[in-house]
Number of protein chains: 2
Amino acid sequence: MKVKKPKTRQKDTKQLILDSAERFFAREGFHVTSLRAITGAAGVNLAAVNYHFGSKEALLEAVFERRLIPLNQVRRDKLEQIRDEAVEKGKRPSTKKVLQAFIEPTLRFKESEPGAEDFIALVGRSFTDPDDTVRKIFFRLIGPIFELLFETLRDALPELPENLLYWRLHFALGALAHTMHMSGCDKFLPVGFSDGCGTESLLSMLIPFVTAGMEAT
Amino acid sequence: MKVKKPKTRQKDTKQLILDSAERFFAREGFHVTSLRAITGAAGVNLAAVNYHFGSKEALLEAVFERRLIPLNQVRRDKLEQIRDEAVEKGKRPSTKKVLQAFIEPTLRFKESEPGAEDFIALVGRSFTDPDDTVRKIFFRLIGPIFELLFETLRDALPELPENLLYWRLHFALGALAHTMHMSGCDKFLPVGFSDGCGTESLLSMLIPFVTAGMEAT
DNA sequence: CTTCGATTCAAACATATGTTTAAATCGAAC
DNA sequence: GTTCGATTTAAACATATGTTTGAATCGAAG
């Protein structure tokens, strides 16, 4: 007995709760969602949340971490690769490539696994969530990668005043967040416009938009 | 007795509730805010909300309408003026002017009256609010002006495919919403960056950004 | 089969919420 | 000063929430 082999069921229960919570948090919001709704839809007992996670807040944290840690790893790798490449060539990285390195994995993440689409909408919203609980957890996880993105962009646009760069980055993130949140866009869009809301299509529109904005004279 | 002259106090109470609610809804969110918090801070009785407004939901509606109706009027006037001017001159309106006509009154509104800053943050968030109550009320009020903005932009950029224009507009609105929400930005920003968050400064950064994005080739 | 820790379960708990109620209070009109 | 409708007030109501509890159940190890 080298390893504490927990019952097979435990993982199931935890995953079921995470999946259900992700769905509800994304579609209804953190505070509006009750644990009873989550556990009811997941088919597990109400007390399971507190048993496995400790509290509703800790559950939210787990929902974020499960997907955000891998996603951040991908984004970090891509950004660092671009930085190394630039140093190697002695040239500054291209603005478009930097933005793409951050945005593309983010939007593509939607299709990586079932449920990820809900998660992407959740993240898009968390940027501006009024609730302290949500924002605190979110920014703790997103902060470091945000700083790396900022620094890499500074390499790409060294002539831009830092303050301006900082705000333009926020404008770009605002556009991204809005896009992410409209992820499941069928319910928002007027008829005839829902064609262009596939990931590829969105990328081909969003990246030129933010690149042009970032490089505006 | 030509007119039902209600007691002087009624207006006070209603205004006090609206002010307090606006503040709480903006800073904490609709569902997280309790009527007891609102009435407590306003110094009025708990039941006053239901007496004067009917329900918490109706209160939210009143909070939106009080400021959004006048603000929309200003935006509508400016946009229609630009349209008329373009027709008169037989030229297409400039993209920048159109965006400016929408964005400038929005951001400037912050300084128009005390409390408006909270309201602007509230509006910025409502674009992506997960709660149906909030979103429904918000979109009912924002829908018509959004359509006018879309049509005016189509005049400015007739060669752009409608679908692309539509999404670029959403990107721009995302950037605007993000900016609005960071209205009281002191608490979000790292030290050294809070200089540039005055209204004038933000306008001079945001408008070129979205214009460039909208006109990107 | 028995044992034992991990997990599940139904029930209860304490608290907070939006809303309603019925009495009290106010302020002008007569 | 009395009257009457509008407003305010304190209390109660019904319900919903996150959490805790203690017994029941499970599943493998001995």
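Let's start inside this predicted model, at its largest cavity, which is lined by 23 residues. Those lying nearest the centre of this cavity are A:Gly29, A:Phe30, A:Asp129, A:Pro130 and B:Pro130. Two elements give two or more residues to the lining, namely helix H1 (8-28) and helix H6 (116-126) of chain A. Of these, H6(A) gives the most, with 3 residues.

What sort of residues make up that lining? By class, there are 11 nonpolar, 5 polar and 7 charged residues. As for volume, the largest cavity comes to about 240 Å³.

Now step back and look at the two chains together. If you turn chain A by 180°, with a shift of 0.0 Å along the axis, it can be laid on chain B with an RMSD of 0.0 Å. The two copies are therefore related as by a two-fold rotation axis. And how do the copies meet? They do so through the same surface, because 100% of the interface residues of chain A are also interface residues in chain B.

Finally, pick out helix H4 of chain B, which covers residues 56-89. Follow H4(B) along and you'll come to a kink of about 30° at B:Leu68. That kink lies shortly before a proline, B:Pro70. Carry on past the end of H4(B) and you'll meet B:Gly90, which follows the helix and has a positive phi, near 70°.

How values were computed: Residues numbered from 1 in each chain as written. Chains lettered and ligands numbered in written order. Predicted model: local features only at pLDDT ≥ 70, side-chain atom pairs only at ≥ 80, totals over all residues. Heavy atoms only, no water. Helix = DSSP H or I, 4+ residues; strand = E, 2+ residues; numbered from the N terminus. Expected span 1.5 Å × (residues − 1). Bend = angle between axes of the 7 residues up to and from the residue. 1 Å grid on protein atoms, 1.4 Å probe; cavity = no way out; pocket = protein on both sides within 12 Å on 5 of 7 lines; lining within 4 Å. Points joined across faces, edges and corners; volume = space filled by probe spheres on them. Nonpolar A, V, L, I, M, F, W, Y, C, P; charged D, E, K, R; others polar. Least-squares fit on C-alpha atoms with pLDDT ≥ 70 in both. Contact = heavy atoms within 4.5 Å.
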